[in-house]
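Q: Pick one part of this model and take me through it closely. Start with how charged side chains pair, and then follow the surroundings.

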Amino acid sequence: MGYESICAAGDHANTLHWIKNDGEVREGDLILVDAGVEVDSLFTADITRTLPVSGRFSDAQRRVYDAVFAAQETGIAACRPGNKFRDIHAAAIRVIAEHLHAWGLLPDGVSVEDTLDADHGQYHRRWMVHGTSHHLGLDVHDCQLALREDYMDAELTPGMILTVEPGLYFKADDLLVPEELRGIGVRIEDDVVVTEDGCEVLSAGMPRSSADVEAWIARVQAEARR
Ligand SMILES: [Mn+2]
C-alpha cells in the first residue's frame with residue numbers, strides 16, 4: 001500500500017481521512033475508497049473511487065457524483081504545459097461552485113464569482129474542503145514542502161505526475177443542505193502525467209463516470225454469480 005487506505009461508507013466519507021475504516025456498509029449508501037499501490041520502484045499511485053453499495057446511484061447521489069465528475073474532467077483538461085499547477089484547482093473549483101450555486105446552496109445573493117473571490121468569498125469551501133491536486137511520486141504527496149514558486153505557482157511541464165481529485169462532502173448533520181444530500185460524500189481521484197500537449201490519465205482503466213461505474217459493478221457482480 002502506498003499510504004493508509006481510506007475506506008469510508010456513508011457519512012464517514014465526509015471525514016476526509018477516515019483511516020479507521022470501520023462502520024457499516026449499508027445498502028443505499030456510497031462507499032469511498034481512496035487507495036494506491038506502491039510498486040517495487042517505490043513510486044505510488046493514489047486513486048479514489050466512490051461506489052454505490054447497491055450498484056445504482058440514487059438520484060441525489062448521481063447529481064453529486066456527476067457534479068464532481070464534471071469538475072474533475074475540467075481539472076484534467078487544465079493539466080497541460082503552460083498552465084500553472086494552481087490552474088487545475090481553479091478550473092475544477094469553478095465547476096463545483098457553479099453546481100452549488102445552481103442548487104441554491106450558496107447564501108442568498110452570492111454569485112459564482114463572489115464565492116470564487118479569494119478574499120471575500122469561499123462559501124463553497126464548506127463542502128469542498130481540500131485542494132484538487134498534488135504531485136505524486138515516491139511520496140504520495142510528493143515534494144509537498146517545495147516552495148510556493150516551485151509548486152503552486154510553477155508551470156506544468158511534461159513528465160510531471162499529479163492527482164486530480166475534486167470532491168463534495170455533505171455531512172449527515174449539515175442543516176444548510178436539503179435532507180436528500182445529507183450523508184453524501186463523493187471524491188473522484190485520478191493520476192495524470194503531463195504530456196507535450198495535455199495529459200494522459202494513467203488510471204483511466206478504472207471506470208470513472210457514474211454510468212461506467214454502475215456498469216463496472218454490474219459486470220463484477222455478474223462474474224461473481226457465475
Ligand atoms: Mn490524493
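A: A salt bridge is a side-chain nitrogen of Lys or Arg within 4 Å of a carboxyl oxygen of Asp or Glu. This is a predicted model, in which local features need pLDDT of at least 70 and side-chain atom pairs count only at pLDDT 80 or more, while totals for chains, interfaces and linings use all residues. Residues are numbered from 1 along each chain as its sequence is written, and side-chain values use heavy atoms, with hydrogens and water left out.

Start with Glu113 and Arg94. They form a salt bridge, and their closest N and O atoms are 2.8 Å apart. The pair links distant parts of the chain, with Glu113 in helix H3 and Arg94 in helix H2, 19 residues apart. Helices (H or I, at least four residues) and strands (E, at least two) are DSSP runs, numbered from the N terminus. Buried means under 20% relative accessible area, exposed means over 50%, and partly exposed lies in between (1.4 Å probe, protein chains only). Glu113 is partly exposed because its relative accessibility is 48%. Arg94 is partly exposed too, at 32%.

Now look along H2 itself. Its 18 residues reach 27 Å from first C-alpha to last. That is close to the 26 Å expected, where the expected span is 1.5 Å times one less than the number of residues. Which residues of H2 are buried? They are Phe85, Ile88, Ala92, Ile93, Val95, Ile96, Ala97 and Leu100. An α-helix has 3.6 residues a turn, so residues three or four places apart point the same way. The buried residues of H2 pack against H1, helix H3 (112–116), strand S4 (161–164) and S5. Just after H2, Gly104 takes a positive phi of about 75 degrees.

H1, one of those packing partners, covers residues 59–77. Its buried residues include Val64, Val68, Phe69 and Ile76.

Next comes the core. A nonpolar core is a set of buried Ala, Val, Leu, Ile, Met, Phe, Trp, Tyr and Cys residues joined through side-chain atoms within 4.5 Å. The largest one has 31 residues, and Leu100, Trp127, Leu168, Phe170 and Val186 have the most contacts inside it. S2, H1, H2, S5, S6 and H4 each supply at least two of its residues. H1 gives the most, with 7 residues. Apart from this core lies another, of 10 residues, among them Ile76, Cys79, Phe85 and Leu156. Leaving aside residues up to four places away in sequence, Trp127 touches Leu100, Leu168, Phe170 and Asp174, among others. Such a contact means heavy atoms within 4.5 Å.

Asp174 leads back to charge pairing. It meets Arg126 in a salt bridge (3.0 Å, N to O). Arg126 lies in the loop between H3 and S4 and Asp174 in the loop between S5 and S6, so the pair ties together parts 48 residues apart in sequence. Arg126 is partly exposed at 45%, whereas Asp174 is buried at 5%.

Glu165 and Arg187 also meet in a salt bridge (3.8 Å, N to O). This pair links Glu165, in the loop between S4 and S5, to Arg187 in strand S6, 22 residues apart. Both residues are buried. Elsewhere, salt bridges that share partners join Arg49, Glu73, Asp190 and Arg208 into one network. How many salt bridges does the structure hold? It holds 13.
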